[in-house]
Amino acid sequence: MGIEFTKYHGLGNDFILIDNRHSKDPLVSPEMAVQMCDRHFGIGADGVIFVLPGTPQTDYQMRIFNSDGSEPEMCGNGIRCLAQFIAQLEGTSESGKAYRIDTLAGVITPRLEEEEQVTVDMGPPQLQAAQIPTTLVTATEKVINQPLSVGGKSWLVTCVSMGNPHCITFVENVDEIPLEVIGPEFEHHAAFPQRTNTEFIEVVRPDYLKMRVWERGAGITLACGTGACATVVAGLLTHRSDRRCTVELPGGCLRIYWSETDGHVYMTGPAKRVFSGIYLP
Ligand SMILES: N[C@@H](CCC[C@H](N)C(=O)O)C(=O)O
């Protein structure tokens with residue numbers, strides 16, 4: 001028996017989307033998700049995303065497995081892909097159409113725009129150490145410019161949760177960071193009991209940031225939506241960036257705005273359908 005899927009990407013952060021609207025349980029196990037994500041023996045992706053039935057308050061539920069089989073709370077590029085996938089399933093492409101999506105990080109609202117763009121109300125960031133979670137400071141304190149020792153070096157880090165954990169470091173030259181070496185050390189550092197996503201940021205201008213990311217459960221990816229949102233929050237908290245920024249990632253640019261009106265972070269970027277198929281386990 002094959003598994004029907006559609007492949008999408010958001011700035012090269014790529015996902016296998018599965019229509020799971022008829023069941024509350026994901027059709028695929030975490031172990032099978034690992035096989036499907038394998039770039040040599042499977043379809044190849046950074047994660048598998050399921051569209052499940054919603055609750056009375058929401059249209060649908062989103063769940064996601066990372067390429068290592070772990071389950072994150074949220075995925076920014078993924079929810080833009082999910083919105084386009086739902087539009088495909090419903091046979092609509094109506095610009096302005098919004099969906100209320102139940103996630104493990106709460107209700108998130110993506111809205112379809114022209115030309116394959118999606119704007120997402122990502123909700124408010126969470127800043128207390130216990131919410132990240134991290135043991136770097138006491139539970140109710142914020143982690144802003146705190147020293148963290150990784151790879152024999154002290155880094156000044158700022159931690160932000162967008163439902164999932166992010167550890168952000170501002171650097172002079174982001175291209176010189178040996179991501180594949182220090183990324184795993186940040187991810188598995190004892191200060192992060194649920195591991196962490198790690199972003200390295202170069203401030204080109206206060207409204208233009210250049211970012212590279214090591215993702216929890218997926219390693220180096222071409223883009224990370226929650227990471228870009230967390231980065232703009234960290235940039236403002238450390239007086240490095242504006243509320244409204246373009247974040248340049250290896251896969252392209254996201255537009256991020258941390259609203260002073262409602263405290264929510266808004267993300268706009270593309271989501272593109274690549275192909276559909278049947279996976280044969
Ligand atoms: N690429 C995603 C984040 C996916 C989840 C992440 N790997 C985690 O474990 O938290 C994004 O675009 O936000």
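Predicted model: local features only at pLDDT ≥ 70, side-chain atom pairs only at ≥ 80, totals over all residues.

Which residue takes a positive phi in the hairpin of E1 and E2?

1. In the hairpin of E1 and E2, where 2 residues lie between the strands, the residue with the positive phi is Leu11, at a value near 55 degrees. The two strands pair in the antiparallel sense over 5 bridges, and within this region His9 stands opposite Asp14 of E2.

2. In keeping with a mostly covered strand, 6 of the 7 residues of E2 are buried. As background for reading such a strand, side chains in a regular strand alternate between the two faces of the sheet.

3. Helix H1 spans residues 30–37, and its buried residues are Ala33, Met36 and Cys37. Viewed down the axis of H1, these buried residues fall within an arc of 95 degrees, so they line one face of the helix. The strands against which the buried residues of H1 pack are E1 (3–10), E2 (13–19), E3 (47–53), E4 (60–66) and E17 (272–279).

4. Turning to the ligand, there are 14 residues around it, of which Asn13, Gly76, Glu215, Gly225 and Thr226 come nearest. A polar side-chain atom of Glu215 is 2.8 Å from a nitrogen atom of the ligand, while Arg216 places a backbone N or O atom 2.8 Å from a ligand nitrogen atom. On the side of Thr226, an N or O atom of the side chain lies 2.6 Å from an oxygen atom of the ligand. The ligand on its own has 360 Å² of accessible area, and the protein covers 99% of that area.

5. Asn66, which belongs to strand E4, deserves a separate look. With a relative accessible area of 6%, Asn66 counts as buried because it falls under the 20% cut-off. The side chain of Asn66 reaches the backbone oxygen of Arg216 at a distance of 3.4 Å, and Arg216 is the residue that also has a backbone N or O atom 2.8 Å from a nitrogen atom of the ligand. Not counting residues up to four places away in sequence, Asn66 touches Asp46, Gly47, Pro72, Arg216 and Gly217.

6. His166 sits in strand E10, residues 165–170, and its relative accessible area of 0% makes it buried. The side chain of His166 makes polar contacts with the side chain of Glu199, at 2.7 Å, and with the side chain of Thr226, at 3.1 Å. Thr226 in turn has an N or O atom in its side chain 2.6 Å from an oxygen atom of the ligand. Leaving aside neighbours within four places in sequence, the contacts of His166 include Thr158, Cys159, Val160, Thr196, Asn197, Cys224, Gly227 and Ala230. The C-alpha atoms of His166 and Ala228 are separated by 9.7 Å, although the two residues are 62 residues apart along the chain.

Key: Residues numbered from 1 in each chain as written. Heavy atoms only, no water. Buried < 20%, exposed > 50% of the residue type's maximum accessible area, 1.4 Å probe, protein only. Helix = DSSP H or I, 4+ residues; strand = E, 2+ residues; numbered from the N terminus. Arc of directions from axis to C-beta. Contact = heavy atoms within 4.5 Å. Near = heavy atom within 4 Å. Polar contact = N/O pair within 3.5 Å; in protein donor to acceptor, adjacent residues only side chain to side chain. Areas by Shrake-Rupley, 256 points an atom, 1.4 Å probe, with all protein chains shown as cover. Pairing = 2+ DSSP bridges.
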